[in-house]
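User: I am new to this structure and would like to learn how to read it. Please take me through it one feature at a time.

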Amino acid sequence: MASSSVVPSCVALALLLLVALAATANGDELSAGYYEKTCPNVQRVVRSVMASSVAAQPRMAPAVLRLFFHDCFINGCDASVLLEATPFSPSEKDVEPNASLTGYTVIDDIKSALEHDCPATVSCADVIALASRDAVALLGGPTWSVPLGRKDSRFAADPESTKKGLPSPHDNLGELVTMFSRLNLDARDMTALSGAHTVGMANCLHYSDRVYGTDRDEEIDPSFAQTMQQMCQGPSGKASFDVQTPMRFDNAYYRNLIARRGLLTSDQTLYGGGGLQDKLVEMYSTDGEAFARDFAKAMVKMGNVPPPKGMPVEVRLKCSVPNY
Ligand code: HEM
């Protein structure tokens, strides 16, 4: 009698353990169908709010794409960049180079629409991942399937780690390769992801070293340098990365690099050193499809970076504050 009651309880225990393990594995692994049952309209809602926001304010498309990059680079893709500072913990968003990020209102609008449709279900980190994919498509670029199931961190990174975690516009090729390799992104991923600088704008402060004064890079195309200097007038001077098609997600970025018209030092450093790196830029400059494919692949790879082990996570109800 005693032995027959032991057997079923062992089986029950093993089953419980299996269920527990499956839950852990599920929590870690992202999948495109993650919200199939819990929020079947998630993709449609994100796309529709993105479309109307970008129609009203086209600049929101590059802004949201940049948000995704800045989120994933600091503590993984966990929406930590969206958290507001509190008297007890500083934010990531107020720290350079995040201070110039915009697009938060679009993420909030998408999240509100989703909370209406399927409350407490879709993480803010997934909202950024989907919205940035849709931003690229709205700018005429490629689209891809986004693995989902990310969770939102309850804490932001400290200001020092935020500053150190993001590449600088003054970085050279070696520094960029090292920065990206920390997220398991190789030189090819880095070169494809940098192609995002085919859209949007940069503040003069970030590129003046390349076009002005004693620091002026001798390799820059002189007429481009002159135009960029003109864009630097006034404290809020800004220039488009790609002067010809500033709001079109194409492969012009690589053609600009070959023409020595890269805006940031960290852009131009991707070309001119010779070897495989130059070959890659040359290939993307002539083969827009290869760029689109590699960019989509690298966005998925960047989107897989998890929050640090042990970080408490949740699905935030409001993207700018933890739940309680
Ligand atoms: C390779 C290292 C990178 C550096 C050093 C860098 C740096 C910068 C800087 C300084 C700006 C201008 C910000 C301003 O002045 O307002 C900028 C803009 C932008 N970056 Fe990057 N970035 C890098 C990689 C990326 C990646 C990987 C993506 C996305 C996949 C990205 C997407 C963007 C976009 C879309 C803009 C334009 C934003 C707008 O117009 O609102 N960047 N980046």
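**Reading the ligand shell**

Analyst: Helix H3 gives the most to the shell around the ligand, with five residues. Keep in mind that this is a predicted model.

User: Which elements each supply at least two residues of the shell around the ligand?

Analyst: They are helix H3 (60–73), helix H8 (187–194) and strand E2 (201–203). In total 24 residues surround the ligand, and the closest are Leu193, Ala196, Gly200, Ala202 and Asn203. Sorted by class, the shell has 13 nonpolar, nine polar and two charged residues.

User: How do I read the packing of two helices?

Analyst: Two packed helices are described by the angle between their axes and the distance between the axes. Here, helix H7 (residues 173–181) and H8 pack at an angle of about 100 degrees, and their axes are 9 Å apart. That makes H7 roughly perpendicular to H8. Leu176, Val177 and Phe180 of H7 make the contact with Ala187, Asp189 and Met190 of H8. These contact residues divide into five nonpolar, no polar and one charged.

User: Where does UniProt place the feature "binding site"?

Analyst: The unreviewed UniProt entry puts it at Asp71, Gly76, Asp78, Ser80 and Glu92. These positions span 22 residues in sequence, yet no two of their C-alpha atoms are more than 12.7 Å apart, so they gather at one spot. One of them, Gly76, is in the loop between H3 and helix H4 (104–117).

Terms used
Residues are numbered from 1 along each chain as its sequence is written. This is a predicted model: local features need pLDDT of at least 70, side-chain atom pairs count only at pLDDT 80 or more; totals for chains, interfaces and linings use all residues. A residue is near a molecule or strand if its C-beta atom, placed from the backbone, lies within 6 Å of it. Helices (H or I, at least four residues) and strands (E, at least two) are DSSP runs, numbered from the N terminus. Ala, Val, Leu, Ile, Met, Phe, Trp, Tyr, Cys and Pro count as nonpolar, Asp, Glu, Lys and Arg as charged, and the others, Gly among them, as polar. Axes are lines fitted to C-alpha atoms, for helices over the stretch in contact, and angles run from 0 to 180 degrees between N-to-C directions. Angles under 35 degrees count as roughly parallel, over 145 as roughly antiparallel, 65 to 115 as roughly perpendicular and the rest as oblique. Two residues are in contact if their C-beta atoms, placed from the backbone, lie within 7 Å. UniProt positions are given in the numbering used here, feature names are shortened, and annotations may be inferred rather than shown by experiment.
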